[in-house]
Amino acid sequence: MNVCIIGTGYVGLVTGACFAEFGVQVVCADKDTDKIAALERGEIPIYEPGLDAIVARNLRERRLSFTTDTAAAVQSALVVFIAVQTPTKTDGTTDLTAIEAVAREIGRNMDGYKVVVTKSTVPVGTSYQVKKWIDEEQATAGTSHRFSVGSNPEFLREGAAIGDFMRPDRVVIGADDGEAIAILRDLYRPLYLIETPFVITNIATAELIKYAANSFLAVKISFINEMANLCEEIGGDVHAIARGIGLDRRIGSKFLHPGPGFGGSCFPKDTRSAATFARQAGQRLEIVEAVIRVNERQRDRMVEKITRALGGDARGKAVAVLGLSFKPETDDMRDAPSVDILQKLQQRGATIRAFDPVAMTNAARELPDVTLCKNEYEACENADALVLMTEWNQFRMLDLERVRTLLREPVVVDLRNVYDPAAMRKAGFRYDSVGRC
Ligand SMILES: NC(=O)c1ccc[n+]([C@@H]2O[C@H](COP(=O)([O-])OP(=O)(O)OC[C@H]3O[C@@H](n4cnc5c(N)ncnc54)[C@H](O)[C@@H]3O)[C@@H](O)[C@H]2O)c1
């Protein structure tokens with residue numbers, strides 16, 4: 001089966017590479033000529049563990065190719081995936097410009113039956129819009145090739161994307177006709193063989209499942225953050241709370257880790273988008289709206305926490321920051337809590353010295369006024385406090401004696417609760433974390 005993926009970003013590249021690994025013939029198209037040229041040279045534009053080997057193998061074995069010629073890519077394929085970005089606008093609605101551009105391009109290049117599948121996260125109803133845009137372009141071009149539309153939302157996590165794609169918890173397929181469902185089932189056959197559950201439903205439901213999943217995960221994070229804040233008031237330990245509730249199988253222990261609030265390219269935008277399109281549909285998602293507010297407050301609370309650790313005034317203080325990406329094992333800085341928190345500290349007069357194992361290039365763009373250091377210890381030099389922002393493994397066993405002598409003041413604010421409060425105090429630090437006393 002020939003498959004074409006339009007949009008070769010985090011999702012498109014992983015999807016294309018993994019389908020090729022399954023033995024499918026895949027062409028990944030993108031309008032970013034530099035990105036495609038790099039990929040053709042075997043260079044991976046993002047940090048994603050394990051992706052380079054899969055891309056290299058499938059390029060070599062000629063199951064995977066890259067192109068800027070979307071028209072030819074569409075014409076070569078039976079299944080066309082749309083995997084372009086869907087950012088939210090300032091009013092919370094979703095910007096579908098890239099989806100529309102791709103749908104119209106597909107419409108202009110139809111040359112036979114195809115299944116056009118939206119993999120991007122899109123508001124309910126978008127796949128029908130895609131159908132309408134393709135129909136309009138076919139009408140203009142004087143063609144009338146038959147096609148199906150479908151929704152196949154993606155649940156991969158950056159940093160664990162290959163495993164998530166190859167061994168997913170489930171695959172969701174939304175389509176309104178049996179032919180499209182049969183073709184997509186066939187494409188995902190390797191996952192049937194390992195007994196992956198499939199949820200086959202109509203298009204609107206499939207589109208909504210993605211928002212429901214991300215909204216629910218965001219609820220869990222904001223819930224435990226609120227519990228953490230309460231623990232700080234009453235002298236409780238949020239980790240014991242998380243364990244105490246997480247062992248109840250109806251609740252589950254995952255996603256109950258307190259911190260500076262969720263970030264990244266999905267949760268902030270998807271919760272805002274869900275809240276907005278639900279309002280437009282006349283059915284408010286009040287829990288999701290609350291989660292968005294709680295998350296914003298959590299970031300502000302971290303700014304207050306760090307300012308307090310600096311003695312109540314950030315002016316003229318130097319803050320060492322370890323970790324900038326929104327979570328470990330990715331270089332993605334989109335909507336990372338670090339950006340918001342560090343900019344607010346800068347507005348309060350602090351200077352920032354930071355280090356991240358892989359996100360430095362993206363960080364230089366997002367945080368131009370931050371001094372980027374060679375390693376964790378250089379970041380600590382003469383700083384008035386150390387902030388642990390992202391829990392990369394290499395920050396879990398810092399040489400604390402060295403850190404203490406490098407810092408001007410022995411102050412550590414651990415926003416990921418990596419270290420033990422009692423041990424840190426014993427090691428001579430003034431230490432604060434999230435939801436533990
Ligand atoms: N990143 C994730 O972890 C993740 C997980 C699940 C779902 N999603 C969803 O998947 C979608 C893609 O996310 P992403 O993080 O991969 O985005 P991305 O920004 O990394 O990649 C999008 C790519 O599409 C390309 N593109 C845009 N317009 C194009 C056009 N007209 N023709 C060809 N290429 C075009 C861009 O150049 C870019 O390379 C979004 O809707 C996102 O919400 C993302």
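Lysine 89 is partly exposed, with 13 other C-beta atoms within 10 Å. In this classification, a residue is buried if 20 or more other C-beta atoms lie within 10 Å of its own, exposed if 12 or fewer, and partly exposed in between, with C-beta atoms placed from the backbone. The structure is a predicted model: local features require pLDDT of at least 70, side-chain atom pairs count only at pLDDT 80 or more, and totals for chains, interfaces and linings use all residues. Residues are numbered from 1 along each chain as its sequence is written.

Lysine 89 belongs to the loop between strand 4 (79–82) and helix 5. Helices (H or I, at least four residues) and strands (E, at least two) are DSSP runs, numbered from the N terminus. Between lysine 89 and glycine 9 there are 80 residues of sequence separation and a C-alpha to C-alpha distance of 20 Å.

**Helix packing**

Two packed helices are described by the angle between their axes and the distance between the axes. Axes are lines fitted to C-alpha atoms, for helices over the stretch in contact, and angles run from 0 to 180 degrees between N-to-C directions.

| Helix pair | Angle | Axis distance |
|---|---|---|
| Helix 10 (residues 203–234) and helix 13 (residues 286–309) | about 50° | 9 Å |
| Helix 10 and helix 12 (residues 267–280) | roughly 115° | within 9 Å |
| Helix 1 and helix 3 (residues 51–60) | about 55° | 9 Å |

Angles under 35 degrees count as roughly parallel, over 145 as roughly antiparallel, 65 to 115 as roughly perpendicular and the rest as oblique. A crossing is left-handed if the near helix is turned anticlockwise from the far one by less than a right angle, and right-handed if clockwise. Two residues are in contact if their C-beta atoms, placed from the backbone, lie within 7 Å.

Helix 1 and helix 3 are therefore oblique to each other, and helix 1 passes helix 3 in a left-handed crossing. Val14, Ala17, Cys18, Ala20 and Glu21 of helix 1 make the contact with Leu51, Ile54, Val55 and Asn58 of helix 3. This contact of helix 1 with helix 3 comprises seven nonpolar, one polar and one charged residues.

Helix 10 and helix 12 are roughly perpendicular to each other, with a left-handed crossing. On the helix 10 side the contact involves Tyr211, Asn214, Ser215, Leu217 and Ala218, and on the helix 12 side Phe267, Asp270, Thr271 and Ala274. Five nonpolar, three polar and one charged residue make up the contact of helix 10 with helix 12.

Helix 10 and helix 13 are oblique, and their crossing is left-handed. From helix 10, Ser215, Ala218, Val219, Ser222, Asn225, Glu226 and Asn229 meet Ile287, Val288, Val291, Val294, Asn295, Gln298 and Arg301 in helix 13. The contact of helix 10 with helix 13 divides into six nonpolar, six polar and two charged residues.

**Backbone and individual residues**

Most residues other than glycine have a negative phi. Glutamate 195, although not a glycine, has a positive phi of about 60°. Glutamate 195 is placed in the loop between helix 9 (189–193) and strand 8 (198–201) and is exposed, because 7 other C-beta atoms lie within 10 Å. Asparagine 417, a residue other than glycine, has a positive phi near 55°. The loop between strand 13 (411–414) and helix 18 (421–426) contains asparagine 417, which counts as buried with 20 C-beta neighbours inside 10 Å.

Proline 190 is located in helix 9 and counts as partly exposed, with 15 C-beta neighbours inside 10 Å. Its C-alpha atom is separated by 28 Å from that of isoleucine 99, 91 residues apart along the chain.

Alanine 350 occupies the loop between helix 14 (337–347) and strand 10 (351–355). With 23 other C-beta atoms within 10 Å, alanine 350 is buried. Not counting residues up to four places away in sequence, alanine 350 touches Ala314, Lys317, Val319 and Leu345. The C-alpha atoms of alanine 350 and lysine 317 are separated by 4.9 Å, with the two residues 33 residues apart along the chain.

Key: Nonpolar A, V, L, I, M, F, W, Y, C, P; charged D, E, K, R; others polar.
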